[in-house]
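Q: Can you walk me through this structure? I'm new to this.

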Amino acid sequence: MTAEIINGKALADELRNEMKVEVEELKKQGIYPHLTVVLVGDNPASKSYVNGKEKACRETGISSDLIELPTSITEEELLALIERLNQDSAVHGILVQLPLPTHIREQQIIETIHPNKDVDGFHPISIGRMMAGMNTFLPCTPFGIVTMLQSKHIPMEGKHAVIIGRSNIVGKPVGQLLLNENATVTYCHSRTKDLQQFTKQADILIVAVGKPNAIHANDIKEGATVIDVGINRLEDGSLTGDVDFESAKEKAAFITPVPRGVGPMTITMLLKNTIKAAEGLEKL
Ligand SMILES: Nc1nc2c(c(=O)[nH]1)N[C@@H](CN(C=O)c1ccc(C(=O)N[C@@H](CCC(=O)O)C(=O)O)cc1)CN2
């Protein structure tokens with residue numbers, strides 16, 4: 001079997017074109033969606049992601065501004081900035097690019113963003129609403145993954161989804177979203193014993209470990225759907241995922257590539273959340 005490749009870039013382009021129309025409609029009603037992105041420090045990967053977010057906003061008709069701050073900024077100063085953005089009615093969405101320098105507590109920052117402007121879906125209120133299956137801002141990468149599965153009509157109900165990785169921004173929430181879709185969910189992580197016994201049972205395997213070639217064809221079940229969330233930069237500058245794509249694609253039914261897989265969907269779902277934020281709380 002050779003897998004069908006789920007092209008995240010193509011799906012992202014399609015969804016962004018649809019969103020362009022939604023934004024035009026909002027503007028006719030006098031609503032101008034606006035995202036403020038906050039970048040602390042000079043991490044090159046973060047800079048590149050933030051540039052990607054600004055470009056995507058521009059192309060969709062969403063206005064955005066980028067507040068760049070030096071690594072030396074204090075937590076107190078960053079909190080004060082967020083409080084100010086919370087009060088600014090022209091700002092619909094606030095996004096603080098992660099990771100932050102170690103002297104700033106990420107959780108403090110996340111919890112200070114008003115839940116109505118939490119377009120990253122990281123605030124505990126957004127997470128609680130997601131867990132309860134309520135309408136809320138969903139974290140962008142997990143939201144993008146479920147949207148990719150839906151776009152290919154891949155059934156989730158009753159399927160065994162195995163998640164490798166338990167980060168707050170990908171592993172934990174993607175498991176919750178799959179549970180909300182009635183999948184049976186197993187979480188695996190660095191302390192899991194005999195990982196392969198779990199991965200081989202997966203109808204849907206989500207790999208978010210941050211290690212190139214962590215999963216090979218012999219770790220997956222014939223006909224599985226394999227979603228690779230890894231973004232690993234190799235010495236030659238190229239990007240690779242966590243899955244050995246060449247071998248895995250011969251065994252899976254569906255597989256996502258890296259690049260042009262989950263990554264572009266992350267930014268697309270941010271646009272969706274920003275539009276939702278601009279539409280207002282009454283829709284939540
Ligand atoms: N506040 C947040 N910080 C971070 C998030 C997040 O959702 N919110 N996620 C990641 C990084 N990220 C977005 O911020 C992100 C990662 C990757 C991509 C992407 O499009 N990747 C491309 C390749 C890009 C390249 O060539 O480098 C792909 O996979 O095709 C977009 C966004 C951590 N921080």
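**Overall build**

A: The chain has 10 helices and 11 strands, where helices (H or I, at least four residues) and strands (E, at least two) are DSSP runs numbered from the N terminus. This is a predicted model: local features need pLDDT of at least 70, side-chain atom pairs count only at pLDDT 80 or more, and totals for chains, interfaces and linings use all residues. Residues are numbered from 1 along each chain as its sequence is written.

Q: And how compact is the chain?

A: The chain's radius of gyration is 19 Å, close to the 19 Å that the globule rule gives for 284 residues, so it is as compact as a globular protein of that length. The radius is taken over C-alpha atoms, and the rule is 2.2 Å times the number of residues to the power 0.38.

Q: What percentage of the residues is buried?

A: Buried residues account for 43% of the 284. A residue is buried if 20 or more other C-beta atoms lie within 10 Å of its own, exposed if 12 or fewer, and partly exposed in between, with C-beta atoms placed from the backbone.

Q: OK, the core. How many residues are in the largest nonpolar one?

A: It has 77 residues, and those with the most contacts inside it are Ala161, Leu205, Ile206, Val207 and Val226. A nonpolar core here is a set of buried Ala, Val, Leu, Ile, Met, Phe, Trp, Tyr and Cys residues joined through C-beta atoms within 7 Å.

Q: Which helix gives the most to this core?

A: Helix 10 (residues 262–279) does, with nine residues.

Q: New topic: the ligand. Which residues are closest?

A: Tyr49, Leu98, Pro259, Gly263 and Thr266 are the closest of the 21 residues that surround the ligand. To count, a residue needs its C-beta atom, placed from the backbone, within 6 Å of the molecule.

Q: And which helix gives the most there?

A: Helix 10 again, with four residues of the shell.

Q: Last one: where is Arg260?

A: Arg260 is in the loop between strand 11 (254–255) and helix 10. Arg260 has 18 C-beta neighbours inside 10 Å, so it counts as partly exposed. Not counting residues up to four places away in sequence, Arg260 touches Asn7, Gly8 and Lys9.

Notes. Two residues are in contact if their C-beta atoms, placed from the backbone, lie within 7 Å.
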